[in-house]
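Dear colleague,

Please find the structure below, followed by a summary of what was found in it.

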Amino acid sequence: MTVVARFEIHGVRYLDAAGHPCAELPPLGRDREHLVALYRAMVQARSFDAKAVVLQRTGRIGTYASALGQEAIGVCIADVLRAEDVLLPSYRETAAMLGRGVHMDELLLYWGGDERGMDFAGPREDFPICVPIATQLTHAAGVAAAFQYRGEARVALAVCGDGATSQGDFYAALNLAGAWRLPLVVVVNNNQWAISVPRSAQSGTETLAQKALAAGITGVQCDGNDVLALHETLAAAVARAREGGGATLVEALSYRLGDHTTADDASRYRDPDEVEARRQEEPVVRLRRYLHAQGWWDAGVEEALKADCAATVDAAVARYEATPPPAPTAMFDHLYARLPAALAAQRAAAAAGGGHG
Amino acid sequence: MAEITLVEAVNLALARALADDERVLVFGEDVGHNGGVFRATLGLQARFGERRVRDTPLNEALIAGIAIGLAAQGLRPVAEIQFSGFIYPTVDQLVNHAGRLRNRTRGRLSCPMVIRAPNGGGIHAPEHHSESPEAIFAHTPGLRVVVPSSPARAYGLLLAAIRDPDPVVFLEPARLYRAVKEEVADDGEAAPLDVCYVLREGRDVTLVGWGAMVRECLAAAEALAAQGVSAEVIDVATLKPLDIASILDSVAKTGRCVIVQEAPLAVGVGAEIAAQLAEHGLLNLLAPVRRVAGYDTVMPLFRLEHAFLPDAARIAATVRELLEYA
């Protein structure tokens, strides 16, 4: 018997949970301005997230999927992409979407039950929030194939969770990316829980990154709470895709500190000691400790930032709440490019405030 | 102008669309060098290249999913599913995404895509190769469902489907692929979507069908004519959105209607037509609306498929029952 193929999965980590360097840092570790900008974006995303949960609890938006503890992933994704790239999010990509230029009031409009929230003004070609698990990955492969067909140096980047890696669409998209050498990056936010099912019950694989091997693409794992590790890993994957080097699966190790959504109660199935232990590893505090240690941050700047973020969120909430409700006819007006004759009577009935028949 | 079969008409329309519009891409399983298992894409890869006519990995959900991504990017994907019996993995993508993308982004993104598949029975095929799943898609908001019934109609409707700004499920009656030839002008003219086609005018009864059943309706009308019964035949062509106005107009004239579908009876497209006739055309009816359909059974293997499939004799017998009423 001979070895016919041999594979390795690499992991990337630069800052430990306390924010201390645990390897030789990449250049970003010396870039004060860039790191402070990433930190600010993480705090802003967390500030929005906390407010959204409060808005749900007080009946001002519907169910909301918090990304508490996973802000670094979205912030780094938005930072490494170019405006002309396309992001295909799941429902936990608040930080990435904000970073791409989606407005907070647009996100609130969506979670507040209004489709207009996904008609965002910023990244017009980015996909809307995707709820059915892993389906957006095949769309991403299609978007990447469009870039390839037109010879454009653009990248499609899709995000999913650890549960999504069990779906057929997950493998199908990676497999096509390998076969067609697509400019695609798939980021798995491995936050350890798919609602109540832990990562260990989701798959027998040692890592989720190694699922890339079966598709013939690059797979890499990184610490998803470590901005330095994430940024380097994602930037390399995006650059490889853009230069025609093919697709990458990035497994970002994080932890879902909150419930799955506001409709979930994780205390029913999760040991609070586990959550508390993982809270010590979360990304915002980790980067703040690093910034402090460099002398680039202090309590005064932190206070000012928090006040600034709260004011930004409050202004967005005010804009959201001032948005007039959609007309009942809105459900007809974007179903097709032109309203089919068969729907005219139903639209008229909806406009008149009644049912049909 | 050449006489060609329905599958050749599909090929001609695909070639025309590829030649006319750089945004059109054809892909699916075995559509490249092999030209598709029914040869609907024969020669297209040689003529237009592998970039535009491309074999995909064997995964139907993937095929639908990448069509959505390509379409959202402004391309015009035309994807083949090898048989409609294998279209079910695409349902998630078509229902949850293709039919919704325009609406859920309020028009920011859209899905100008076509999913083509051979449809229906009557070709002595193996298990799962003779299905008629059109009702699933006709029930889905945001989709169009189009079924041609002749070579000329296949050419015109497929061009229309490819040019349509919204997703179209285009179900080609496999039984008719090589059953008839007719003259088809390769003039690039699309046939209108969202409208029925009156193929034969009549006074006594309206026969409504689509796909392979249109031929059975025409044969029944011919047999009935020999007995002095004048049957109007309507090819529905676009099952969703449904042109019920044309059917109501016809039934207002004839007073009788038989709806013919190959798919199982219950909750089919025929049920929707019958319901709308009851809602909007009841006072014009001289007899109950009847459906001649497949049974509510699993599509049998081919030894029994002709016992399952409606035919001209069953249609004509049903018409004669209706004539007993008034």
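The largest pocket has a lining of 48 residues, and those nearest its centre are Ala342(A), Leu343(A), Gln346(A), Pro141(B) and Lys240(B). A pocket here is an open set of points on a 1 Å grid over the protein atoms alone, where a 1.4 Å probe fits and protein lies on both sides within 12 Å along at least five of seven lines; lining residues have an atom within 4 Å of a point. The lining comprises 27 nonpolar, 13 polar and eight charged residues, with Ala, Val, Leu, Ile, Met, Phe, Trp, Tyr, Cys and Pro counted as nonpolar, Asp, Glu, Lys and Arg as charged, and the others, Gly among them, as polar. The largest contribution, six residues, comes from α10(B) (helices are DSSP runs of H or I, at least four residues, numbered from the N terminus).

This is a predicted model, in which local features need pLDDT of at least 70 and side-chain atom pairs pLDDT 80 or more, whereas totals for chains, interfaces and linings use all residues. Residues are numbered from 1 along each chain as its sequence is written, chains are lettered from A and ligands numbered from 1 in the order written, and side-chain values use heavy atoms, without hydrogens and water.

Turning to the interface, 44 residues of chain B contact 44 residues of chain A (heavy atoms within 4.5 Å). One salt bridge is found across this interface, a salt bridge being a side-chain nitrogen of Lys or Arg within 4 Å of a carboxyl oxygen of Asp or Glu. Glu115(A) and Arg106(B) form a salt bridge, with their closest N and O atoms 3.1 Å apart.

Yours sincerely

Definitions and conventions:
Helices (H or I, at least four residues) and strands (E, at least two) are DSSP runs, numbered from the N terminus.
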